[in-house]
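Subject: Handing over a structure

Dear colleague,

I am passing this structure on to you, and my notes on what was found in it follow below.

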Amino acid sequence: MPDFTDNLRPSQPDGPTTLGRERQQSNIATEELGQYLLGSDGFLERQARILPIIEQEPLFSKEQQQNLSRPERFKLGVARAKLLRRMKDTHKWSYLEYQMAEYLVDDVSPYFLHMEMFITTIREQASEEQQAYWLPLIESWKIIGAYAQTELGHGSNVRGLELEARWDSRTKEFVLHSPTLTASKWWNGSLGRLANHAIVVAQLLLPDPSSLDQYISHGPHPFIVQVRDMKTHQPLNGIVVGDIGPKYGYITMDNAYMLFDQFRIPHTAMLSRYSKVDPKTGTYTKPEQPALIYGSLTYVRSNMVHRARLVLARAATVAVRYSSVRRQFQDRDGDKKGPEMSVLDYPTVQIRILPLLATTFALHYTGLAMQAVYKKARRDIEKGDFRSLAHMHSMSSGLKSLCTILAADGIETCRRAMGGHGFGGGSGLIQVNNDYLSKPTVEGDNWMITQQVAAYVIKRMTAAVKSPDTAGVDETDARFKEFIRNKRRPGSEKQTYDILNSDFHIVKSFELRATAMAYEAYEQRVIKERNWNSLLIQLHKLSRAQSESIIVATFFDALSNDKALSEPIKTVLWDCYRLFALYIFRTNAVSQADLNSLASRVQELMARIRPHAVKLVDSWMIPDYLLDSALGRYDGHVYEDLFNRAHRLNPLNRITFNPNYWEDEIVKGSGHNGRGILSKL
Amino acid sequence: MPTPPPDWVKALKPSGPQGSELLQQERAQSNVDVERLSELLHTKETLERRASLLALLQPEKVFDKSQNHTLGRVERLQRSLAKAKRLQQLAEEHKWSMQELHAANDLIGEPTPYGLHASMFLVTLREQGTPEQHRLFLERAEKYEIIGCYAQTELGHGSNVRGLETTATWNSNDKTFTINSPTLTASKWWIGSLGRTANHAVVMAQLLIDGKNYGPHPFVVQVRDLETHQPLDNVYVGDIGPKFGYNTMDNGFLLFNNVKIPHVNMLARFCQVDKETNQYAKPAMPSLVFGTMTWVRANIVLDAGGVLARGVTIATRYCAVRRQFQDRDADPHAGETQVLNYKMVQVRLLPLLASMYALHFTGRGMMRLYEENQSRMKAASSPDQESRGAGPEQLRAGANLLADLHATSCGLKALASTTAGEGLEICRRACGGHGYSSYSGIGPAYADYLPTLTWEGDNYMLTQQVARYLLKSARAVLAGKPARNDTSQILQAYLDRRDKGASFDVLDEDKDIVAAFGWRTAHLTFEALKHRDAEQRSWNSLLVDFWRLSTAHSQYLMVKNFYEAVSSPELSAALDPETKGLMHQLFRLFSLHTLEREAAEFFSSGAVTVRQITLTRTTAVLKLLDDIRPHAVRLVDAWAIPDWHLDSSLGRYDGKVYEDLFRRASEENPVNDLVFDPYPWNSALLKNEPAKSKL
């Protein structure tokens, strides 16, 4: 319907003009940087190939999804997930290609747990015989599965789980039973409405050999259980299962509750690659390496570390582009007649956005390093060598905690830095923010899991203190021992580094801080035997310091060893390294004078990065379809897009209200005096 | 709705100890007199009024909250209008005062489409309209015969009012104004109540007379037909679409294609265009406006305390009920530890508990200053006062104090709303996984609160005003002008003692804490002044410094107001000595925790020593956490937020957290009505619905 608004244009200079200027003023080759960041495993090539296929499918249009009710939005999510799975067959996509399609559609897939935790757990924890039976059924999607571990009253502490799996030696079955309400499974994705099978983690109860009516708990173990009828899709007798209701985000996921009432499953249901119950005697065999139970959790955590960079890059892309286009107030010292200033020229905006832009690169290198450590540890474990497991577990816990918090807080900082429009649906940061905010608490609460890092570090320090004069068994050990030796030398306590002039000294100062905090924690806990709870705040800081030191060192190593990048890119990445490190700098391993100069150094680095900001975010090559953002569009048509969404796409504008309070009618002409609104209550 | 669960599920109880028992224990271990503290915070009348409103509203079906988080946007807004209408009907029936209507709306817990009519539209007409305009517009608006909104911000223009693009051109030939939107970015945007509800708007537009621009002015413009509710010709108006929160409000856009309005529609109490001479009459800058803005900001600060209290109440109660892991050092057979006993939970929640009290007392302090000034101004203008000849200094001193508060209150607004907004998110995360559920009640409150961080001036932009004022005051003090208000006094005190050094005893003397905060502000002010005046640095390059300065000063104001409140005779009279002592502990926790977080500035200004900072961190704050911990539940109980208002499974007064989460999930969740066909190659989505789907 044409109207006078069709001819209106935004005031000048408009978005495309501004972004054009931004791109002209930087000599960064975005294609080169993009390929460097995302080209190595064919990511960009896949993105370019699959994007047009997705975009032409009406079901994947994102125009209306923010307006839907929870049931409708969930149905849309299921419909999309089904179609994607069918497209995998029609287009003969590999798993990576299929993942790309999902990434672009950007719904949390309601089949996610089927494809990840369900199948991974079978692969890792089922015996060969069990794998031979279940894997074909899962891979061909003949059964749909989920992973049910956490309970209503129990999250991170797996040992506290209440669901029981009691061995009935007479019938050779396990009996699943929820003794309390808090034993209800809770939060288990893909299970609320979709799955017909689940891995269920329950306390294994076996008869006490010394007294036959008594049972002994052997801790939590995984069982595979059918939960819904294959024909009717109704829960089986003795099982109550459903969706837990609306959440902050994850609207397309059916997180579940589930309770069992004396529900019997066969002996073969217990996944028995590592722990077994002998069906004849009811005897239990222990796994060699109990930490293996957490193997898949480590896998999930290291993936989260790797994915954080793209999530943050998305937010930074929107914030940098829109803050360039958006203008507000004239410069007080400048030309009062000229156009308003681009808000990205305000240091108060820069200090919120540019350190986050630098963080995207920091997370990139850390993600790669974490993947490498994970792969190596898995290879070692397959060979029966478990030595790297503790290190990997600690590293993945600490980095999961830090990287997901950096990304989650970063999205919100970017959103708020955009003023009013950041709050609107056209920002493109609402769903990603709401979905991503689950990450700081899921798969180990970010505060709780830092204890695991601290415990590991204290253990390493305790070992180092015992023989400080021997050679270090690894890099950490060597660093700890050097610190202890230095401590013994008089007059060497106050070591300072030249962080303003030496990139390497920045790394050293982060490492020294982490080591000193490790030693301090060791002293408090081991020497002074302070109570663990009273140390928790300190231990959390210790974990953060360790992880920050890993990120900074990884960033430094990557840039130092690089031989491929062209000069302009390398220069600005070094500035990003410095900005990232100095922005989070908290240590006294520098002189007071340097500490005082830190703020102006940060401002100077931001001024150097500022001209390249738009091209740096362009290099992450995030397509407009994925951004789904009026503010962050590549072409800068911000205001036209916002208006189009409000004016043409908004279903609310198709109904007319009756605004008089003395008439109960809500929608004009509906004539039912408002009863329609209340009838669903 | 789904069928209720079978009996064996209904019979299940949470594992012990029960949430209700744990909260009972919590309440038993503290002597805080909840009732007296509540009355001190809210007054007895307010509490009673709220209780009677609650009894009236809660049983009404239209105010049911159970589906708030599952509905689609269109239906949600329709229900929101239904709620607004019902509230208005009740207001009429029960002859509610303005305050009662506000209190009722607050209990409903969501903004409604009448929101901007009831606030900004009426206020603007009242304050900026002439008696003739009151008759024409205000009287009808008060009866809801016309429904309005306040249309200021535009698609391309937020905080900078001077940048607005909508124009109002004076036509001397037919004595009308032409309202026009020359560009797309001139579209009014974010205007609450305008999208689908209002038929009138106060429109801020650049006044053009004979080609000259006189800046933005307010005009009353009818935008929709009173019968059909359709937009008038050449008016383009609608809702701007879904948002992060505030989805029960129809924020609107509005464009004009050369729409003519009569002369009387320009609100003309302070400035006008003379109909005969076509001359613009200049506004006399009303001091009243200062007062109103201070009042608005005092309310934002006060509200920030209440909003934060909602999150802290939920998180504190839930963390007392939730247990996780055994204490590493405890008996291995002991049960899991209450999460609230973990130091890293305490260090997140208890300083926020202290902050909500700090915000409350600061808002109260601002309000008192505003009220004192109002009565002083009234007294000054009354004739018998005049004849007695009050000394001019006395009057100016009052005005001076208010001007001081006005200039600094925008910084407080920024700090208060940021503290509350970010505090809610900290509370949500402190609840672990269940904090992510909408039934936590925190996420939705956070999403609805966030706009406060931007409106009434973006929080980062506002800090410039405070810095500008502080620099001006510093120049005056340096020039030897007498220090008449608080800001000048802390600057003067700093100059007097700068050579001797500060040596404040922040660990033992409460008043020294206040002085240390004042010292830091003064130090940062003179540093900034040096950069700007002596070194001639550009304004833009100093914005980060100004932001830090404004934050520092606002923190000082909060610490000072909190200190004055806890040392006041009213507080001593209202509370028993033990609770009073606890209020002092909260003051110390708020102040010292802030001091620790901003340690670098306190150290570099010389307000405290490194040793004092270390002791604050390693000893004083930890000790305060230990001291306050046993009283945490009672300290949130005293805020007296009704369960219906909290709308939270986690924060229920009775601690029945798990029962309520389960009940809502299994009985109030429409997703459980859907039975899916889970197989990708069966394109039918549902097994219990005809194949044709709305998708």
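Which residues of chain A does UniProt list for "domain: Acyl-coenzyme A oxidase N-terminal"? The unreviewed entry gives residues 30–144 of chain A, where UniProt positions follow the numbering used here, feature names are shortened, and annotations may be inferred rather than shown by experiment. Over residues 30–144 chain A is 70% helix and 0% strand, with the end C-alpha atoms 42 Å apart; helices (H or I, at least four residues) and strands (E, at least two) are DSSP runs, numbered from the N terminus.

Please keep in mind that this is a predicted model, in which local features need pLDDT of at least 70 and side-chain atom pairs count only at pLDDT 80 or more, while totals for chains, interfaces and linings use all residues. Residues are numbered from 1 along each chain as its sequence is written, and chains are lettered from A and ligands numbered from 1 in the order in which they are written.

The domain assignment, whose bounds come from an automatic or database source, divides chain A into domain 1 (34–107), domain 2 (115–287), domain 3 (296–649) and domain 4 (651–681). In chain A, 13 residues of domain 1 are in contact with 12 residues of domain 3, contact meaning that the C-beta atoms, placed from the backbone, lie within 7 Å. On the domain 1 side, α2 (30–38) and α3 (43–55) of chain A are the elements that give two or more residues.

Between the chains, the contact takes 112 residues from chain A and 120 residues from chain B. Helix α4 (residues 70–90) of chain A gives the most to the chain A side, with 11 residues.

Best wishes

Conventions: Two residues are in contact if their C-beta atoms, placed from the backbone, lie within 7 Å.
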